[in-house]
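Please open the model in your viewer and keep the sequence panel beside it, as this tour moves from one selection to the next.

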Amino acid sequence: MVNLKINGIPVQAEEGTTIIEAARKANIDIPSLCYLKNINCIGACRVCVVEVKGARGLVASCVYPVSEGLEVWTNTPQVRKSRKTTLELLLSEHRKKCLSCVRSENCELQKLCKDYGVDEDKFPSTEEVKPIDTTSAYLVRDNSKCIHCMRCVAACNNQNIGVIGPRRRGYKKTIGCAFEQTLDSVACVGCGQCVVSCPVGALYEKDNTDEVWSMIENPEKKVVFFTAPAIRAALGEEFGMPIGTNVEKKLPSAIRGLGADAAFDMDVTADLTILEEAAELVDRIKNNKPLPMFTSCCPGWVKFAEHYYPELLPNLSTCKSPQQMFGALLKSYYCEKNGIKPEDLYVVSVIPCTSKKFEIGREEMADTVDAAITTRELAKMIRAAGINFEALPNSDFDSPFETASGAGVIFGATGGVMEAALRTAAYMLDGEFEGTDFVEVRGIEGIREATYNVAGKEIKVAVTSGLGNASKLCEMVKNGEAPYQFIEIMACPGGCINGGGQPIPRDSVKNSVDVKAIRASVLYNLDKSLDIRKSHDSPVIKMIYDEYFGEPNSEKAHHYLHTTYTARGKY
């Protein structure tokens, strides 16, 4: 530990800590536009500059390490003047469409400009309206708003994808794909981590709300929504509620308030996925089929495997994701039961993920889910409808898909799919197995592994999230160094609770609070509070099999609930 002073306040910090991190110990928030803790620390934006005793000129606090006896000032006239000038220069190249920007009121540049009282016309505008890349199914890049902070590039590299980066130099510099390629022509997996990393509105999800509104207003369409497990752990943030607020009981009321005919819980098909996936795992173990088996719930991970590890595709579970299972279930079982023509049913999934927008258009799974909207898009619709979200009464999801198990709830957190599957696979292997909590696979960081003894069989499992970690695991499997039977991978660090479509916290929060862990705790607490915690115990799942599929992995279940994959190549 070293001793220093920041604005005259004595601070202790670990040697090697940067000034921007040490300042938080003195409750001082140093602004920045490029800094993103553990992802991007390059001192590029020059907004975080401070004065340091003995230093020549101002220094970037996000890369300047503390040392014994260091004296720092974060709020001198020189510092304020420098920050203001930097912001005014950025605005001279920034397309100022703030009133219609998706990040209006949650834009780091907008906030700092207001805080420092900038003159947006101080410097002549060199704004050039650059082409907007709308080619992908899931996100939009508007380089006219880009401030070259490099956070999206760092996030993409952190995911071990690296399909975007700086092109050209100086004032001609832009961020995008090599050789002017469009996003749909490169090996992007659609995880959306670039979107949640962007401090402005240069990146955002492709908006499908206009189409959903038009279907709600169409008297010939029956519109049903279903919401993913992670939505309840994050949507409240869009309405000023604290991180970690569980809004599950407000979701059905909000969706009905939009004019939808029904609101269902995707946790039901998370349970359905578990029955199919656990049965598949048991079959692979008993009959010496390809192992380890990888989970297939995350479309970002699936697309990553298709692009970068096509040789491992036989190891992916053939189960569709809960989103696609729900779409298939609604367009078959639900329509038959209620005398609805599938073409008259418009199905909307509410998801924490941008890659799900790509998934609904896959040839192997087309025509089941009609629109996938993110948590942010649902919040946008709720605001447009004039609904006071916080004041909504509690209500339940609609029958027959209103009840799910705790196993379905924890799908939204990394390790949750593995734990849910183990609860049922252990039961299938040993009907008397009583275990419920597989805590060894819980957590946010790194690669977690565990070994369980079930019915005399030793089952080795591994769990990770973030595609950088996924690459390490895949290389181990390729090289024969992975002694596992079952592996769970989620593309986004922390899992769906940190998906590319979730609310974007302010930098001051993102860099100081473990948002992923707080959101995940919502799901685990819900699971713990429920009477039904295993997917095979759910009465809804029992009804679906009794009335329609017969049993897990039946021929009919395979027709509707399983899929195939496509090797895509890296370029």
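Predicted model: local features only at pLDDT ≥ 70, side-chain atom pairs only at ≥ 80, totals over all residues.

Begin by selecting S296, which you will find in the loop that lies between strand 13 (293-294) and helix 9 (299-308). Is S296 buried or exposed? Its relative accessible area is 3%, and because buried means under 20%, S296 counts as buried.

Next, display the side chain of S296 together with the backbone of S317 and C319. A polar atom of that side chain lies 2.7 Å from the backbone oxygen of C319, and a polar atom of the S296 side chain also lies 3.2 Å from the backbone oxygen of S317. If you then show the residues that S296 touches, leaving aside those up to four places away in sequence, you will see E277, V302, S317, C319, S321 and Y565.

Now move to an open sheet of five strands, whose order is 2-1-5-3-4 and whose pairing is mixed. Its edges are strand 2 (9-13) and strand 4 (59-60), each of which pairs on one side only. Select strand 3 (residues 49-52) with strand 4, and you will find the two paired in the antiparallel sense over two bridges; the bridge partner of V49 in strand 4 is A60.

Technical notes. Residues numbered from 1 in each chain as written. Heavy atoms only, no water. Helix = DSSP H or I, 4+ residues; strand = E, 2+ residues; numbered from the N terminus. Buried < 20%, exposed > 50% of the residue type's maximum accessible area, 1.4 Å probe, protein only. Polar contact = N/O pair within 3.5 Å; in protein donor to acceptor, adjacent residues only side chain to side chain. Contact = heavy atoms within 4.5 Å. Pairing = 2+ DSSP bridges.
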